[in-house]
Every structure is written in C-alpha cells, then in structure tokens.
Amino acid sequence: MSKKFHVSTTVNGDPVEFLCDSRETVLDVLRDRLSLTGAKEGCGTGDCGACSITVDDRLVCACLMLGAEAEGKSIETVEGIAAGEDLHPLQKRFIEYAALQCGICTPGILVAAKNLLEKHPDPTEEQVRYWLAGNLCRCTGYDKIIRAVMDTAAEMREAS
Amino acid sequence: MIPAGFEYHRPADVASALAILTTHGDEARVIAGGHSLIPMMKLRMAEMGHLVDLQDITELKGISVDGDTITIGAMTTQHELITSDALAEAAPIIREAALVIADPQVRYMGTIGGNVANGDPGNDMPGLMQCLDATYILVGPDGMRPVAAREFYEAAYFTAREDEEILTQISIPRPAPGTGYAYEKQKRKIGDYATAASGVMLTVAGGTCTSASIAMTNLADTPIWAEAAGAALVGSDLGEDAITAAIAAAKDAIDPVADNRGPVEFKMHVAGVILRRAIDRAIARAG
C-alpha cells in the first residue's frame, strides 16, 4: 500500500513531476504537493464544482480524479489564467461586477467559464447557465456571474 | 484523500484487466469514469484492495453505426455520446438523455458503461437501454456472453454481471427511420437524479401505432421496462384512451419509495405526467 506513483504531467504549461499515493486525488496533489491552492475542496463528491480544473481541455472535478491518473496529461488551474500580473478579462469582469462574495466557488467558476468561452466564444445566456450548472455558488444568486461571463464574451469577441 | 488504501492498476487491454480480476476475486473492482465509485470510496461505502482503471483500454472506446446495429464501447463518455453526429443521426434519444445527466464536469468523465453496469436505479442510461432493447456484452474468464438490458437488472446495485466479468460493449438495434422518441426527466435541479423519468420510442403508420417501447427510471429498485404500457399503445390511434391506458399500465409496473424527492403518491403522479409528456413528444416526432 505504500507504493508511490511517479507521475509526469504538465500544469499550467510547465512540466511537473510528483510522487503520490494511490489514495490521493488530483486535488490533493495540487493543493498539498504542488502548493496550488486555487482549486478548492467543497463537497469532495463531484457536486459543487469548486475544484474544477481542465485536464486535456476537458472540464473536470479534481476531487474525483486520482493523482495517478494525471500521468501524461495537461492540467490547467485558476493559477494559470492570468498572464503574470495581467488579469484575464474574465477575472477583471468578476471584480468589476462583484461577481463573488465569499470567493470559494470563484476559482472553479473562472476555470469553467474560460473553458466555455474557448469552445463557444458567442454563448447564449442559456448556454452559460447550463455550462455553469456544475458550479455551485451559495452567495451571489448567479446573476452577476452570468452577466460577467456574457459581457466578457462580448468584449473578447470585439478584441479578436 | 481516499481513507482506505488500495493498489491501483491501469491495464492496457481487456485480457490484462481480466487477469487482475481473476487473481484477486472480489477484492478487485474495475473503475470507469469513477464518478460513482470514487465518492463511494471516499465515504467508505466501497472498499477494495485492488482498483482496476479501464481508461487506457482503447478497445473499450468509440461509437460505430454499422447497418442496423449501433455499437458503443463501455468507456465512451457522456460527452462523447452528446457530440457524436453519427449517433445523433442513428438514435437521437441517446443525446437527449445524456444531456439531462448531471453537469458538464461529470459528463466529461462519466461513461455509458459505468452508468449501465453500476446498477444504480437513479441512473438514466439503464432505462433508456431497456427502451432501446440494447444488449450488454460481458467478457469474463470463460469468454464473452451477451445479456439483454431488459434482463440485466436484479435489484439496486445487483446485476447479472459476475465479479470477474467486465461490461465491454453495448449493442443497440438501430431504430427504424421515422421512429418517434423522447426521454423526459423531472428533477429538482440540474445534476439531480430523476424524481421520475421516462423513455419512449414508437412508430406510427397511417395513424395507427405499429410499435412502442416504454421504460421508467428511478421509480423502482431497478429500471422498469413497462411492456404492458407499450402494448397499450400498439394498434391504437394514439388517442386519449390509449395514452391513459398506457400510463395506467406503467404505474402498475413501477414501485417508487418515499425519499427526499417526495412521497410515493407524488412520485406516482409525476411518473404519469412525465410519461404523458414523453408520449406526446414521441408522437409529434414520429414520421
């Protein structure tokens, strides 16, 4: 049981290697071994989306993927969204619109929203709401989040 | 962190996976997308010495439509079911059902094989597979055997699959052109299991129903293929009398229990409403 897995992966564009136990999830590895604490553990059972990351461009819950499964895969977390000091347009809008209160769900929602806009640069409000259905926010009531995502999408379309 | 320790295996082919299952017996379990099993392991509701991850087995992946048969590999994700144009053309009801399962995060990982093999009465695909008269292919140490979806489910989490078998593939007869279809699901919120759900497939010729198949989800400890409900539609003009008879037959076949989705009376009522909507939509789509 003490066997450790040697895992080689890419995190936010950088090659990363780590050792992990079979019992550790990708979320455990990110937070406890790689000190990337942006992804949060809300429920631990895939219901809340606070741990949302992308793995090979698929939006997933880091709490339900084993660390050993990350071998050879490319992981993106909220820490990779800003370009250095320059916040991503989504991050700027979230601040401007106060699309967060306690902030626990925000990293997962930013990762999910960025993934949506990469696939669908011109989403309808319905698409945004259904896409973010796996990300629970208990503070904001979602409206400001949805408006922030819609307006960021419009801004990014104009800029491109 | 999963509390209890286990050994993690990631075989590259079915034969290697079977060898691990044969060696370790009921100490080993296969994992597909893991979105039911990993939460169970975290909650200590499932414990095993050996976890056999099927994700590297390419022979378990993919969708093919070949003449009259649709074949779906067990490790095909819900997302892949939704985005397959070939599947949408051959059996659009599968996309319709996959879209009402959980949320994007879960659909990227959750597989059709895990969904049907787990035996969770809340899952949507088992009822749909019964509606479509699908066959599951089980592979074990003694070779391959097919089991009809309508024969597979014995009780909640108990199925015809033996511990040393892997469900590798699902085979579905391609619905005839013009088949009307609908998968209708009532749930408390997105991501929830059904309060009641129903899959309906039917064909109409000259105003008369020529075939009908009806299945009900999360309204008993297994999915329910309501044979008598379908039979009540066949030969009819699909008028009010026939639909009322079909709903009555479906209600006879189900056996919901009270839980946080409501008391039995409410579930029986919702089952009738959902089935009526599904039948109406299937009729509107039949051509």
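Does Phe5(A) count as buried or exposed, and at what relative accessibility? Phe5(A) counts as buried, at 15% relative accessibility; buried means under 20% relative accessible area, exposed over 50% and partly exposed in between, with a 1.4 Å probe and protein chains only.

This is a predicted model, in which local features need pLDDT of at least 70, side-chain atom pairs count only at pLDDT 80 or more, and totals for chains, interfaces and linings use all residues. Residues are numbered from 1 along each chain as its sequence is written, chains are lettered from A and ligands numbered from 1 in the order in which they are written, and side-chain values use heavy atoms, leaving out hydrogens and water.

Now to the aromatic rings. Over all chains, the structure holds five aromatic pairs. Rings of Phe, Tyr and Trp (its six-membered ring) pair if their centres lie within 6.5 Å; planes under 30 degrees apart count as stacked, over 60 as edge-to-face and the rest as tilted. Two of the pairs are shown here.

| Pair | Centres | Planes | Kind |
|---|---|---|---|
| Phe5(A) and Tyr8(B) | 5.6 Å | 80° | edge-to-face |
| Tyr136(B) and Tyr153(B) | 6.3 Å | 85° | edge-to-face |

Phe5(A) lies in strand β1 (residues 4-11) of chain A and Tyr8(B) in strand β1 (residues 7-9) of chain B, so this pair joins two chains. Strands (E, at least two residues) are DSSP runs, numbered from the N terminus. Tyr8(B) is buried too, with a relative accessible area of 8%.

Tyr136(B) in strand β6 (residues 135-140) and Tyr153(B) in strand β8, both of chain B, are 17 residues apart, and their pair links distant parts of the chain. Both tyrosines are buried, and Tyr136(B), Phe152(B) and Tyr153(B) form one aromatic cluster.

Strand β8 (residues 153-155) of chain B also holds Glu154(B), which counts as exposed at 52% relative accessibility.

Conventions
Helices (H or I, at least four residues) and strands (E, at least two) are DSSP runs, numbered from the N terminus.
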